[in-house]
Amino acid sequence: MKIIVQLGELSKKMNAISSVVPGKTTMPILSTVLVVADKDGITFSATDLDISVTSKVKGKADGKGTLAVPAKKLAEIVKSLSGDSVTIEASGEKMTLTCGKSRFVLNGRSAEDFPKLPKQESKTSFSIDPETLAKLIRKTIYAVSTDLTRPALCGVLWEISRAGISMVSTDGHRLSKVDLAREFSDVESVQVIIPPKALSTLKAYAEGEKEVRVSIAENSVSFDMEDTAIYSRLLEGPFPAYQKVIPAANEKELIVGREALAEATKRVSILADTLTHQVVFSTGKDKLTLHVNTQEIGEAKEEVTAKFTADPMDIGYNASYVMDVLKTIDADEISLKLDRSDNAGLVEPVSEAGELKHLCILMPLRIS
Amino acid sequence: MERRILHINTDDFYASVCRLRDPALRGRAVVIAGSPPRGMVVSASYEARGEGVVQGMTVSSARRLCSRGVFVPPDWQLFRRVSRAVFGVLERYSPVIEQASLDEGYIDYTGCGRLFGHVLDAGTKIKSEIARETGLAVSVGAAANKLVSHVASRTAKRAHLVDVYTGYEKPFLAPIPIDRFPIVDIGRASLLQELGISRVGDVLLFTEEIFFVCFGTWGKRLYRGAAGEDHTPVCSRLAPQERMRTEEILEPDRVSRQRLEAVLYRLAEGTGEKLRSERLLARSLVLELRYADGAEVVGKGRLSEPGSDDLRLYETLRGVFARLFTRRVRVRCLAVIVSATEPEPIQRELFVTDVARERTRYLRNTLDTLRARFPRGVAPAFGKAIT
């Protein structure tokens, strides 16, 4: 088997596929990528048994062949090459890559050992443009928990209905929710929890695609694009009743410039405690003062112009959480709705155009 | 930079303070003790010690040994005031001062030589300043670490100054009797003496491994200490374990399990209050139980998960108490020490999974606030009926 493919396309696909390959595994075959060549091009598949990716790179092929080769090494080689095209040849259990004057021979394994890629029977499916999907993922993925003792929080909740999609993520200290108001005809209402690894892989592949077809089955979800298909197992719920924690009576509103607040938070947090990252927000009528006072390190203070509609108050937040929220909001100004210094704060963009509605909830830190 | 530590030990602190207040006590055997007959000896002057009076002895026993002694009740306010004055002098010489007790402390003099001169000069100045400002005599020990400086100040008794040069720790420590070595308590001293180790230098005749096998980490510490090694830093603030000590001397001695458990609950309450005020969670607790006959037993308990709730602390302590309280002998004193802590998470949770625990936490904090504002007894005990 011999095939010539474009280096740029190969590099992009290999970069994304190597993120699925597990770093450490007790099954060595999982650290390989399955390479299948046919007359239209070459297909790469990788899996960690929870998430599987199959991606095709078009090219001129001469013959057919199948081989499993070490994924990380192949990705490293492709990343290091320079030129327009790469020639891939396979004979026996060896793969040869030639690009310009460089030549690599990789020892592979029999493709028979590679796990069979799953096929799912979908309950419901819909199509969505990749730009919107990427935005939805970006606005929620950061708040996913890494605490494996609460598995339902280790994923993003998708609530799909004919009226649109809502995505929610939380780690128990903060929550992000984004609603897409768009009509999806012939969609069954479902709620699923998708692992963040599948979503970040999807985000990487969706860039430049025309459309993503999302198909949801009982225990799995698949995302089909022109040359790529991603399959993922769903996480088991129940997802906590997040609607109950969205504050409805926070009447003290602080309006502040997003970028100014992000920069001030970043600066003062240099002196924040390395464990708690505590920064205290002191609200004034026309300003917000950020304080950090860490006994062993020092103290920092910065003022930001803001509008506040109630009596001054102090509230402590984890600076990293504040920065994460500010990075995902697209508006110039944000509104932070507060109640008491020990209650949740509701962060929303001040002006939000389009079909997306984004809100974040931040739980404060106990300040003395 | 060469490490220099000074250990300052006020000679006969309690008796000297009493003599400052009442000059008529000068030259007489002074015993600072609680009210007779059950009161215990807090401290004794050199004269009283010469008659056999030691700390921890009951007043009646002390009276039998030292019939001519003057028994003075402790005036803790006065002792603390004088102690503050002594440590005020020490603070002029270094920013790193550790107060080991009312009458003892360490100064980390490392790098301060350029300001106050050689460590011997600084020691002499400290001695004369304390004498001038408080009227007390202090002994000063200087060495490269806390352990050796402590031994040096003991050797410097009374009102002298001993500097142990770096590298000369081993020969300095070798002739010290093993029961005078600070890290060896009475029980271990007699055990070591039975093994033929009567002086610190004898420890080094064996290997570190032997001591480790026989005594665990303490054995290792003893061996290294005998070799003049000690890397413990001088801490300006007391370690959490030392700050977190809560004790109650029973009046009168008790043997009833129910009564002792009630005391245990009060100790758990006090410990919980201290933990919450410092925003710490306890991971393990040590219970010290002293019987009326002087025998002392110590036990340790680990909490199932870190916490500061009185009831959970009590449950752990009760388990330890059940293991320790095995004799039908009256108990004189119970003490609780928090041996391992971790900071309380300050991040608030979005989803309250355990509503009951959250409510209890809120209630405890409210009670703590009330107890801080009003005299003891106004805020009720919560969680367990105490008879």
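Mentor: Start with a definition. Buried means under 20% relative accessible area, exposed means over 50%, and partly exposed lies in between (1.4 Å probe, protein chains only). This is a predicted model: local features need pLDDT of at least 70, side-chain atom pairs count only at pLDDT 80 or more, and totals for chains, interfaces and linings use all residues. Residues are numbered from 1 along each chain as its sequence is written, chains are lettered from A and ligands numbered from 1 in the order in which they are written, and side-chain values use heavy atoms, with hydrogens and water left out.

Trainee: What makes Lys146(B) and Glu98(B) a salt bridge?

Mentor: The rule asks for a side-chain nitrogen of Lys or Arg within 4 Å of a carboxyl oxygen of Asp or Glu. Lys146(B) and Glu98(B) are 2.8 Å apart, N to O, so the pair meets the rule. Lys146(B) is buried, and Glu98(B) is buried too.

Trainee: Why is this pair said to tie parts together?

Mentor: Lys146(B) lies in helix H7 (residues 146–155) of chain B and Glu98(B) in strand S5 (residues 97–99) of chain B, so the pair ties parts that are 48 residues apart in sequence. Helices (H or I, at least four residues) and strands (E, at least two) are DSSP runs, numbered from the N terminus.

Trainee: What makes Arg283(B) and Glu342(B) a salt bridge?

Mentor: Their closest N and O atoms are 3.5 Å apart. The pair links distant parts of the chain, with Arg283(B) in strand S10 and Glu342(B) in strand S12 (residues 331–343) of chain B, 59 residues apart. Arg283(B) has 31% relative accessibility, so it counts as partly exposed. Glu342(B), at 28%, is partly exposed as well.

Trainee: How many salt bridges are there over all chains?

Mentor: The count is 41. Chain A has one between Lys287(A) and Glu303(A), at 3.3 Å, N to O. Chain B has a network that links Arg276(B), Asp309(B), Asp310(B), Arg364(B) and Asp368(B).

Trainee: What makes Glu349(B) and Arg150(A) a salt bridge?

Mentor: Their side chains meet at 4.0 Å, N to O. The count between chain B and chain A is one salt bridge. On the side of chain B that touches chain A, four residues are nonpolar, two polar and six charged. Here Ala, Val, Leu, Ile, Met, Phe, Trp, Tyr, Cys and Pro count as nonpolar, Asp, Glu, Lys and Arg as charged, and the others, Gly among them, as polar.

Trainee: How many residues does each chain bring to the contact?

Mentor: Chain B brings 12 residues and chain A brings 22. Contact means heavy atoms within 4.5 Å. The buried area between the chains is about 1600 Å², with 57% from carbon and sulfur atoms. Arg348(B), Leu350(B) and Phe351(B) give 48% of the area that chain B buries against chain A, more than any other three residues. Buried area is the accessible area (1.4 Å probe) that two parts lose on being put together, summed over both.

Trainee: What makes its reach to Lys139(A) a polar contact?

Mentor: The Ser176(A) side chain comes to 2.5 Å from the backbone oxygen of Lys139(A). A polar contact is a pair of N or O atoms within 3.5 Å; within protein, one must be able to donate a hydrogen and the other to accept it, and residues adjacent in sequence count only if both atoms are side-chain atoms. A cap uses such a pair too: a side-chain oxygen of Asp185(B) lies 2.9 Å from the backbone nitrogen of Arg188(B), at the N-terminal end of helix H9 (residues 186–194) of chain B.

Trainee: How do you know that S3(A) and S4(A) pair?

Mentor: Two strands pair if DSSP finds at least two bridges between them. Strand S3 (residues 41–47) and S4(A) have seven, in the antiparallel sense. Ala46(A) stands opposite Val53(A). S4(A) (residues 51–62) also pairs with strand S1 (residues 2–6) of chain A over four antiparallel bridges. Five bridges join S4(A) to strand S16 (residues 228–233) of chain A, again antiparallel.
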